Amino acid sequence: MQGSKNAVLPMMAAAVLSEEPCVIENCPDITDVHAMAEVIQETGAGAVLEGHRLILSGRDVHSGQIEGKKAGEIRASVLLLGALLARTGQACMDYPGGCSIGSRPVNYHLQAFRQMGAEVSEEENCIRCVSRDRLHGASIKLPFPSVGATENILLAAVRADGTTWIQNAAREPEIVEFCGFLKKMGAGIEGEGTSHIVIQGRKKLRGITWKLGTDRIAFLTYAMMVAGCGGDCFFSLGETHPSKEVSILAKLGCELNFEKQGVRVLQKGRPKSIANICTGPYPGFPTDGQSLIMAVLTKSSGISMIEEGVFDNRFRMIHQLHKMGANIDYVSNHACITGVTKLHGADVSADDLRSGAGLLIAGAMADGETIVTKEHFIQRGYEDVVEKMRQISLQASYGAT
Ligand code: UD1
């Protein structure tokens, strides 16, 4: 199973914090990693992906200025603000992009930098952060446990002067893994995985080698194919234990057998309906899994409800599912899915990364041919998705992915 996209992207930003090289093993070969590599290269840093080995070098970082338009294509580019501020005392770049799943402001990030002593100005096409002296520690309370803001504060704080406290920090497993990476580099961090993280700033960080954990959302995507289509498949997960993701599979009626290095997912009949799913910050159900489960529930044996609690524009996929015969009503961020016995193939189009993955699941569950266009969204986060789907469908009884 591929390494975690949302863990590797902040690690790439962290590589500019050290003069020594960092190597990340099990890195997914996906377009978001290539785009982030292009962005960090603009600072003078090195980023080369050799197979699944990502080699990063912060030795020649000379600038906090990112001129190109690439930063505006991915969300994670915003993490370079914290990293470059800490390393060079200035960061200037285009507004970050990423999937349009709702309004994605960066006000929490910028407010935190101000509290740490940076001057921040927002211009029409650019965010500029400058700190004449070394950033200083601060007590920062996030209004919402934002993943990106927590990561950005960590990046700025690990090399700041003094102690930084983050209250209402994000608790996602990717944050915990990212903190493990920073700690191996020599950062002083405590409390990751809780809402209260304490960071002791250091003058220097060292280069390291890190083996990236499994991508829990990619696992969930392929497991949802089994939950929706029926079958029996073993998923190799290494050290990762995606307990939230596994528990939702059980609610869909899957039988789960845990083995040493992973989990076997067995689905015999139609998926079961689920009365109430609400996405939320960890340990809530992940918003990135919402499109995936919605696709599966279209053929469930009853009525299911989904409330999207994180982003305000994540239901566009419903129009595509309607073309395939799904029965879904929605108002604002609440959707009601009445399971049907059959979906039929259709020409559909991805609106973002996870809706694209949801449509792949629906296509696998449907009778006839489904054509999913705008597949570039899917390639942002999934490596060899077609080949993996083929493995699951051909070898449902014995396959390992
Ligand atoms: C990250 C993930 C994304 C996931 C999301 C929530 C990466 C690269 N992306 O995105 O896959 O869906 O976490 O788990 O890791 N907000 C503000 N102001 C801010 C920051 C956030 O209002 O400054 C709001 C957002 O509009 C959103 C909520 O907070 O409603 C959560 O956003 P956040 O956790 O920051 O998501 P990202 O880091 O963008």
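Reply: By class, the lining of the second largest pocket comprises 15 nonpolar, seven polar and six charged residues. Here Ala, Val, Leu, Ile, Met, Phe, Trp, Tyr, Cys and Pro count as nonpolar, Asp, Glu, Lys and Arg as charged, and the others, Gly among them, as polar. The model is predicted: local features need pLDDT of at least 70 and side-chain atom pairs count only at pLDDT 80 or more, while totals for chains, interfaces and linings use all residues. Residues are numbered from 1 along each chain as its sequence is written, and side-chain values use heavy atoms, with hydrogens and water left out.

The second largest pocket holds about 590 Å³ of space. A pocket is an open set of points on a 1 Å grid over the protein atoms alone, where a 1.4 Å probe fits, with protein on both sides within 12 Å along at least five of seven lines; lining residues have an atom within 4 Å of a point. Grid points are joined across faces, edges and corners, and the volume is the space filled by probe spheres set on the points. Of the 28 residues that line the second largest pocket, Leu-360, Val-385, Val-386, Met-389 and Arg-390 lie nearest its centre. Two or more lining residues come from each of α7, β12 (231–236), α11, α12 (376–379) and α13 (385–394). Helices (H or I, at least four residues) and strands (E, at least two) are DSSP runs, numbered from the N terminus. The largest share of this lining, six residues, is supplied by α13.

Val-385, Lys-388, Met-389 and Ile-392 of α13 are buried, that is, under 20% relative accessible area, where exposed means over 50% and partly exposed lies in between (1.4 Å probe, protein chains only). These residues cover an arc of only 100° around the axis, so they lie on the same side of α13; the arc is that of the directions from the helix axis to the C-beta atoms. Against the buried residues of α13 pack α7, β12, α11 and α12. On the face of α13 turned away from its buried side are the exposed residues Val-386 and Leu-394.

Asp-384, in the loop between α12 and α13, has a positive phi near 50° although it is not glycine. Asp-384 counts as exposed because its relative accessible area is 51%. Lys-374 belongs to the loop between β20 (371–373) and α12, and this non-glycine residue has a positive phi of about 55°. With a relative accessible area of 41%, Lys-374 is partly exposed.

At least two lining residues come from each of α1 (5–14), α4 (107–115), α5 (147–157), α7 (216–229) and α11 (353–365), and the largest share, four residues, is that of α1. By class, the lining of the largest pocket has 20 nonpolar, 10 polar and 14 charged residues.

Terms used. Contact means heavy atoms within 4.5 Å.
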